[in-house]
Amino acid sequence: ERISGVTAKYVGKPIGPSFSRFADRAPISFGTQPEFLGEYGGPGGGLGEVLRPVSVTNEADKPLIVELAVTAMEELIRMAQSGEPLWVTDENSIDVLNENEYLRIFPRGIGSKPFANLGFRSEASREAAVIIMNPVNLVEILMDVNQWSRVFCGIVSRAMTLDVLSTGIAGNYNGALQVMTAEFQLPSPLVPTRENYFARYCKRHHDGIWAVVDVSLDNLRHAPFTRCRRRPSGCLIQELPNGYSKVIWVENVEVDDRGVSDIYKTLVNTSLAFGAKRWVATLDRQCERLASAMANNISAGELGVLNSSDGRKSILKLAERMVNSFCTGVGASTAHAWTTLTGSDEIRVMTRKSIDDPGRPPGIVLSAATSFWVAVPPRKAFNILRSEKFRSEWDILSNGGVVDEMAHIANGRDPGNCVSLLRVNSANASQSNMLILQESSNDATGSYVIYAPVDFAAMNIVLTGGDPDYVALLPSGFAILPDCEGPNRGIEITEIGSGGSLVTLAFQILVDSAPNSKISVGSVATVNSLIKCTLERIRTAVMCNDA
């Protein structure tokens, strides 16, 4: 009633009966006023800014979104700071939610299970880590949809801010509330994406801890039924004395994942595929990359190390674009029109035109991707696929040439985390040598080896600090995920789930430089053969070599 009265004053009409379907779900300890409205509902029309007219969100829904956001924030804080019995540690050392205890603590809360009889299952996990970035910058990444999509490009395939109900206090995001849509992916065309329509609310609490929470708004939307519902999820961010941040991340969803390919089911069921551990590992890795891009204390004279500060920054910026391009094009995003090749259930292809994009060569680009299992641990597969020493064993395009590393830039604690410039010295004297830009990246939940052929003249400009945005790239590469959490505990790797690797192989090839031409059947057949041949070569290389 109190919220209805306040909103009637600012919006011009009472909320009415529709509000009750949210208001009676859970008691909220507001004190004298709801925490959110307490900051913005004072004299001077502060709430008018929170619920100002916008083009997307229905006016009557805005107070409901405020209510949901406040309730979700309280639930997130309680979940992030609770121990047993709400959270239990599974056999893979991941904090997973005790569903019965959750429903006991929040019996009428917004995290109840309305979809249980429709094939949905609950999936919730928690992870904590120290991140080498201060809280204000972390909050900015989470609240700016462009930065968020870029930093989490391996997880967020598409995202958009639909509405901003509050921009927060001037100068920071304290009190910011926005309505968003996002699509979350695993780097494989064989795992369906998860689409969400949700509110994101940011709040700095009295103890100095920042909290950012998401909660689904599916009850407000008259739209096709979703396969994923986001219960209150997000993170708490606490500043540490050294300027770093302690982050506690909670992922809590209900999902219908019956469309997941059999080879990925073990991974998805461990909460490692979309869970809190992957979000935190990705954030940690990306902050490492950013710190290395800003570093000035580079050891001089070390063989192969790129010492030029401007050259380092340009090549790292180019590598970042290459990685983002690969990640947004390798999953099962609904933005992509993947087609299954006849005679092969596992190879997906798509075509797109490239016109007036200085970062891509003009013409018709054919993308092809497939995922497969190999009976070696992920670390071994990563080391072999990133090494120039073994490249000629699997890379058909190197055509048997000797591959040398011309330069490298370390961009993380793991020795495998680096950007390299490779030169393929052709075995055929009549063929010119080829340059390849490569980034290899490894974290606790998976790894990538992403590369693209680059032009000699263009790279010379980049190496001297020139603008990398005009270097045309068509990235290809690998995403390597564990088929179960944790190391192989002395068990022989014989089947999926026993400690092997799930590898996604993706190619992008310019098949015609004329953007309006039609792709030929022969081009598709060639790429199909290339994928199959490379796949078999990879299996042989990782099984027969030690790394």
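Predicted model: local features only at pLDDT ≥ 70, side-chain atom pairs only at ≥ 80, totals over all residues.

Visitor: Why is I396 called partly exposed?
Guide: The relative accessible area of I396 is 26%, and since buried means under 20% and exposed means over 50%, the value lies in between, so I396 is partly exposed.

Visitor: Where is I396 found?
Guide: I396 belongs to the loop between helix 13 (391-394) and strand 14 (402-410).

Visitor: Which residues does I396 touch, leaving aside those up to four places away in sequence?
Guide: With contact taken as heavy atoms within 4.5 Å, I396 touches L530, C533, T534 and R537. I396 and L530 are 134 residues apart in sequence, while their C-alpha atoms are 7.8 Å apart in space.

Visitor: What makes strand 9 (residues 233-239) count as largely enclosed?
Guide: Buried means under 20% relative accessible area, and 5 of the 7 residues of strand 9 are buried, so the strand is largely enclosed by the rest of the structure.

Visitor: Which strands pair with strand 9?
Guide: Strand 7 (residues 210-216) pairs with strand 9 in the antiparallel sense over 5 bridges, and strand 10 (residues 245-255) pairs with strand 9, also in the antiparallel sense, over 6 bridges. Within strand 9, I237 stands opposite W210 and has V247 of strand 10 as a bridge partner.

Visitor: What does G243 do in the hairpin of strand 9 and strand 10?
Guide: The hairpin has 5 residues between the strands, and G243 takes a positive phi near 90° there.

Visitor: How do you know that strand 17 (residues 446-454) is mostly covered?
Guide: The cut-off for buried is under 20% relative accessible area, and 8 of the 9 residues of strand 17 are buried.

Visitor: What shows that strand 16 (residues 434-443) and strand 17 pair?
Guide: Pairing calls for at least two bridges, and 9 bridges join strand 16 to strand 17, the two running antiparallel. A hairpin through 2 residues joins strand 16 to strand 17, and Y451 in strand 17 is the bridge partner of Q438.

Visitor: Over how many bridges does strand 17 pair with strand 18 (residues 476-482)?
Guide: Strand 17 and strand 18 pair over 5 bridges in the antiparallel sense, and Y448 stands opposite A479 in strand 18.

Conventions: Residues numbered from 1 in each chain as written. Heavy atoms only, no water. Helix = DSSP H or I, 4+ residues; strand = E, 2+ residues; numbered from the N terminus. Buried < 20%, exposed > 50% of the residue type's maximum accessible area, 1.4 Å probe, protein only.
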